[in-house]
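Please read the following account with the sequence and the model side by side.

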Amino acid sequence: MKKKRCIPWILTGALALSLAVPVRAASLQAFADLEPDAWYAKAVTYVTDNGIMHGVEETLFAPLDLVTRGMVYQTLYNLAGRPTVEEPASFPDVEGTWYADAAAWAEDIGLTTGTGNGQFSGAQIITRQELAKIFTGYAAQNGIFPTESELPSFTDLDEVAAWAEDSIAAAVSLGILQGSGGQLNPTGPAQRVELAQLLLNYSSLVSQVPTLRTTILKVNREGDLTLDLTRAAFLGAGYAVGDIVTLSSNGKRLEAPVVTSLGDVDPGRPLVLLPEKGEAVTVLLHSGSLAAYFGVSADDRLSLAMRDQGGYRGEYEIRNLSALRTNKREEYGSDQIFANFRPIVVGNMAAGVLYRSSSPVNPALGRSTFADELANAAGIKTVLNLCDAQEELEEYASYANSYYATTQVVALDMELDMTAEENLVKLKNGLKAIIDGQAPFLIHCTDGQDQTGFLAALLEALLGGTLEEIEKDAMLTYENYYHLDRTSPFYDEIARRTVFATLREIAGLDSEESLDEADLQEAARDYLVQTVGLSEEQVEDLELRLSGGQQKPEA
């Protein structure tokens, strides 16, 4: 078997082609055997102007001549920018032919293994279904895959060979191959103008950003892959943060966004991690092994192809809203805004009973002293710390001398997923502390955003808050921290994936169901009894405490 070799950065777009090889312009009028208004006019103009196909003579294009295998691979080789071929093909029947380099290139990238018995058979006439197989195979190598997998409706589908069914379906789905008069003519020999049209159809699918074929330099113990590709080279090829690329190796593929940190994607999702400065690009699987998925090790090859330019940009910007938050008090309108500290007065919630904020003791955000002073001013008596264990909060430098340390703190040490079984047990204990504790109450996590947002929405629904009231309170956190308002393009999306997702969870609705007709108060009562595990009497007591109807006497 011929040793595979590195052919870097094979360029597949028309722009890349025009930069890579000399282009011989040849207007349609230059060929005496072509009609300027024919169906193939645009395709022939494209392939000749870009040097992908040429005439058979100076003034003849020979539009109806039949296409050979050598011709097909040569045109794809031209389209790829005629990359350097370091070794000849292993096929003995291509030596000295005009398509010898094209055959070597096609063999090297795995686009062909010949026709059997070690032969390339460059002079063999090719059929339309064979063209479909070659073009869809090349498309897949460059990260282009069909959205449909079923065979289309044509009257001559029974003529499609079994080995070509998937290729025909893919070619039609991608728009590479088109029928005429309700027929595909799969076994018919292809003509030169048909090849020109397929080349144009394929090129319209290909981004001007090149496919990058790289070598894996290193595989770490987690199965992350460090590539022979620097940040500068990756960006210079036209890729950017927020793009979605197709990773391909060993016949497998995955779609991965280009991001700057692991937190930019959900667990279980692949990603392209763009490093700082000149470091190498890494591809990995969040909470998994990408090396195991692809079955690769160091020195193996992996391709990156543009799948959706900018397709992840909105998601990336939402996940990086923290870049809009600073720790400078002077950049915020008040201490309350800076510390995300506010009373919750929604539905039947009594004023001065329940507050929410960022952490009054964790100095990570530079807001703890402000939150602590505001808790003091509000006379907070009972605190539900949703994120810290008792020993953790006591390690904070400011804890010992804080007002916070004088309150009744229930440290619940909860994870982000408030619906996890262990969190529900902790949530039940926290709510019992409100039932039995002294008001005013404060609930907080680190930011006062995630765990706090879930609990606040649950309690607001329990107290009869409307959908609009609950949304407004939840989104105040984003206004406070990130200066986000209703005019932001991210406002509705953030509401959908945060507070609305919480309310759907509470109401037992799926992600597509509307909340407009939901009885949120009844849903909250049911959730607290059936999911959290409070008794109906405890839920009634909780409502009374928060509505101001039941006050625990001073100790």
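Seven strands form a closed barrel in the order β1-β2-β6-β5-β4-β3-β7, with mixed pairing. From one strand to the next, the twist averages 35°, where axes are lines fitted to C-alpha atoms, for helices over the stretch in contact, and angles run from 0 to 180 degrees between N-to-C directions. Strands (E, at least two residues) and helices (H or I, at least four residues) are DSSP runs, numbered from the N terminus. Two strands count as paired if DSSP finds at least two bridges between them.

The model is predicted: local features need pLDDT of at least 70, side-chain atom pairs count only at pLDDT 80 or more, and totals for chains, interfaces and linings use all residues. Residues are numbered from 1 along each chain as its sequence is written, and side-chain values use heavy atoms, with hydrogens and water left out.

Ile244 stands opposite Pro257 of β4. The hairpin of β3 and β4 has two residues between the strands, and Asn250 takes a positive phi near 55° in that hairpin. Strand β7 (residues 301–308) is also antiparallel to β3, with five bridges between them. Here Val245 has Met306 as its bridge partner in β7.

Arg128 belongs to helix α5, which spans residues 128–141. Arg128 counts as buried because its relative accessibility is 8%. Its side chain reaches the backbone oxygen of Leu184 at 2.6 Å. A polar contact of 3.3 Å also joins the side chains of Arg128 and Glu194; such a contact is a pair of N or O atoms within 3.5 Å, and within protein one must be able to donate a hydrogen and the other to accept it, while residues adjacent in sequence count only if both atoms are side-chain atoms. Leaving aside neighbours within four places in sequence, the residues in contact with Arg128 (heavy atoms within 4.5 Å) include Leu177, Gly188, Ala190 and Asn185.

Most residues other than glycine have a negative phi, and most peptide bonds are trans. Asn185 is not a glycine, yet its phi is positive, at about 50°. This residue is found in the loop between α6 (165–174) and α7 (192–205). Asn185 is partly exposed, because its relative accessible area is 39%.

Ala62 likewise has a positive phi, near 55°. It sits in the loop between α2 (41–49) and α3 (69–79). Is Ala62 buried or exposed? Ala62 counts as buried, since its relative accessibility is 9%.

Finally, the peptide bond from Ala439 to Pro440 is cis, with omega near 0°. Pro440 lies in the loop between α14 (421–436) and β12 (441–444).

Methods. Buried < 20%, exposed > 50% of the residue type's maximum accessible area, 1.4 Å probe, protein only.
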